[in-house]
Amino acid sequence: MVGACKKSMLDQYTNFQEGVSIKYEYCDSYKCREIPLKNDSIIHGYLKSFYQNGEINHVVRYENGIKNGSEKHFYPNGKPALELENLNGKTHGIMREYFRNGILKNEYSFFLGKYFGRQTDYNNSGKIETL
């Protein structure tokens with residue numbers, strides 16, 4: 001888990017053409033996060049965190065320090081756990097949650113951070129249980 005990191009080393013790569021640098025954080029002996037920074041302080045681009053096995057834990061897009069765009073979380077086996085969209089820092093649109101086997105579990109609708117509309121639940125074989 002990224003939050004359980006005891007030792008942290010930093011490395012940095014800068015793309016001067018785009019004005020964004022990527023800060024790499026290493027926890028113990030593995031790369032646990034990639035943080036895209038604009039002006040060395042504002043998260044701008046795709047922030048990624050990794051499990052110790054190298055699989056992606058989550059990816060979230062930021063614009064000028066605010067979540068804006070896609071956000072995806074994964075299980076350690078690489079299967080999707082959660083997918084959603086953000087608009088100006090708020091969940092907006094359909095949020096999808098998955099079982100560990102990658103089959104869709106729930107769908108929720110959000111409008112600017114507030115639950116909106118309906119929820120659809122699926123069983124672990126992918127068939128709709130409730131609307």
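What share of the contacts in the chain with a separation of 6 or more comes from residues 24 or more positions apart? The share is 7%, where contact means heavy atoms within 4.5 Å. This is a predicted model: local features need pLDDT of at least 70, side-chain atom pairs count only at pLDDT 80 or more, and totals for chains, interfaces and linings use all residues. Residues are numbered from 1 along each chain as its sequence is written, and side-chain values use heavy atoms, without hydrogens and water.

**View 1. The whole chain is shown with its 13 strands and 0 helices.** Helices (H or I, at least four residues) and strands (E, at least two) are DSSP runs, numbered from the N terminus. The chain has 131 residues, and 34% of them count as buried. Buried means under 20% relative accessible area, exposed over 50%, and partly exposed in between (1.4 Å probe, protein chains only).

**View 2. Strand 6 pairs with strand 5 and with strand 7.** Two strands pair if DSSP finds at least two bridges between them. Strand 5 (residues 45-50) runs antiparallel to strand 6, with 6 bridges. Lys48 faces Val59 of strand 6. Their hairpin has 5 residues between the strands, and Gly54 in the turn has a positive phi of about 95°. Strand 7 (residues 66-74) is also antiparallel to strand 6, with 5 bridges. Here His58 has His73 as its bridge partner. This hairpin has 2 residues between the strands; Asn64 in the turn has a positive phi of about 50°.

**View 3. Five residues make up the largest nonpolar core: Ile35, Leu37, Leu47, Val60 and Tyr62.** A nonpolar core is a set of buried Ala, Val, Leu, Ile, Met, Phe, Trp, Tyr and Cys residues joined through side-chain atoms within 4.5 Å. Strand 3 (30-38) and strand 6 (56-63) each give two or more residues to this core. Beyond its neighbours within four places in sequence, Val60 contacts several residues, including Gly45, Leu47, Lys67 and Asn86.

**View 4. Asn39 sits in the loop between strand 3 and strand 4 (42-43).** Asn39 counts as exposed because its relative accessible area is 59%. Val20 is 19 residues from Asn39 in sequence, yet their C-alpha atoms are 7.0 Å apart.

**View 5. Leu112 lies in the loop between strand 11 (104-111) and strand 12 (114-122).** Leu112 is partly exposed because its relative accessible area is 38%.
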